[in-house]
Amino acid sequence: MTLPDPAVLLPRMAAELKRHLQAHRIDTPRFVGIHTGGVWVAQALLAALDSEEPLGVLDVSFYRDDFTQSGLHPQVRPSALPFEVEGQHLVLVDDVLMTGRTVRAALNELFDYGRPASVTLVCLLDLDARELPIRPDVVGQTLSLAPDERVKLLGPAPLALERQVLA
């Protein structure tokens, strides 16, 4: 299987996101990227939308349900939201949706900042391997992988996808 090219997926995603926001009458969305790949995808989407809106960054390390099992990743960074969450329409961006646990952690963290009016989930890839009932509103492509395979986003420029096989 050949992995898709993010440069091909991103313009289509931007157009679909624009339609989604218009259909829901969202004029001023606030973008939040999940560290690291989601931030890269969010930056590319903002550029494709010709938007200069500030980008929020979430590092969900402390909110993950496997934190006590896997420990703290050495590159944990603080989250930074340059806007209020309360009452805002948020566009939450992740690179690869697999189990849904990262998105769940991101939602938990966002609600600690306030209660958004809505959250639109955008993912570059959906690996269709969810353990939680979380689905993206906008997705670049859905893939099915073997149980021992994963996909990693490389970047930030250019963005590229890499298949990994677990040992």
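The chain holds 4 helices and 7 strands, where helices (H or I, at least four residues) and strands (E, at least two) are DSSP runs numbered from the N terminus. Along the sequence these elements follow the pattern α-β-α-β-α-β-α-β-β-β-β. The radius of gyration of the chain is 15 Å, close to the 15 Å that the globule rule gives for 167 residues, so the chain is as compact as a globular protein of that length; the radius is taken over C-alpha atoms, and the rule is 2.2 Å times the number of residues to the power 0.38. The model is predicted, so local features need pLDDT of at least 70 and side-chain atom pairs count only at pLDDT 80 or more, while totals for chains, interfaces and linings use all residues. Residues are numbered from 1 along each chain as its sequence is written, and side-chain values use heavy atoms, with hydrogens and water left out.

For a sense of overall dimensions, the C-alpha trace spans about 45 × 35 × 30 Å along its principal axes. Of the 167 residues in the chain, 43% are buried, with buried meaning under 20% relative accessible area, exposed over 50%, and partly exposed in between (1.4 Å probe, protein chains only). The chain exposes about 9000 Å², and carbon and sulfur atoms supply 50% of that area; accessible areas come from the Shrake-Rupley method with a 1.4 Å probe, and for residues only the protein chains shown count as cover. Among contacts between residues at least 6 apart in sequence, 69% join residues at least 24 apart, a contact being heavy atoms within 4.5 Å.

Next comes the second largest pocket. Its volume is about 240 Å³. On a 1 Å grid over the protein atoms alone, a pocket is an open set of points where a 1.4 Å probe fits, with protein on both sides within 12 Å along at least five of seven lines. Grid points are joined across faces, edges and corners, and a volume is the space filled by probe spheres set on the points. The lining, made of residues with an atom within 4 Å of a point, consists of Lys18, Leu21, Gln22, Ile26, Asp27, Thr28, Pro29, Phe31, Leu49, Ser51 and Glu53. Helix α1 (residues 6–23) gives the largest share of this lining, 3 residues. By class, the lining has 5 nonpolar, 3 polar and 3 charged residues; Ala, Val, Leu, Ile, Met, Phe, Trp, Tyr, Cys and Pro count as nonpolar, Asp, Glu, Lys and Arg as charged, and the others, Gly among them, as polar.

Most residues other than glycine have a negative phi, and most peptide bonds are trans. A cis peptide bond joins His35 and Thr36, with omega about 0°, and Thr36 sits in the loop between β1 (30–34) and α2 (37–48). Another cis peptide bond, with omega about -5°, joins Ala157 and Pro158. Pro158 lies in the loop between β6 (149–154) and β7 (160–165) and counts as exposed at 69% relative accessibility. Although Pro158 and Trp40 are 118 residues apart in sequence, their C-alpha atoms are 9.8 Å apart in space.

Asp128 belongs to the loop between β4 (118–126) and β5 (138–142) and is partly exposed at 45% relative accessible area.

The loop between β4 and β5 also holds Leu132, which counts as partly exposed at 22% relative accessibility. Leaving aside neighbours within four places in sequence, Leu132 is in contact with Thr99, Gly100, Arg101 and Arg104. Leu132 and Pro4 are 128 residues apart in sequence and 25 Å apart from C-alpha to C-alpha.

Helix α4 (residues 101–113) contains Asn108, a partly exposed residue with a relative accessible area of 35%. Between Asn108 and Val32, the C-alpha distance is 14 Å and the sequence separation is 76 residues. Asp112 lies in helix α4 too, and at 56% relative accessibility Asp112 counts as exposed. Asp112 and Glu86 are 26 residues apart in sequence, with their C-alpha atoms 10.0 Å apart in space.
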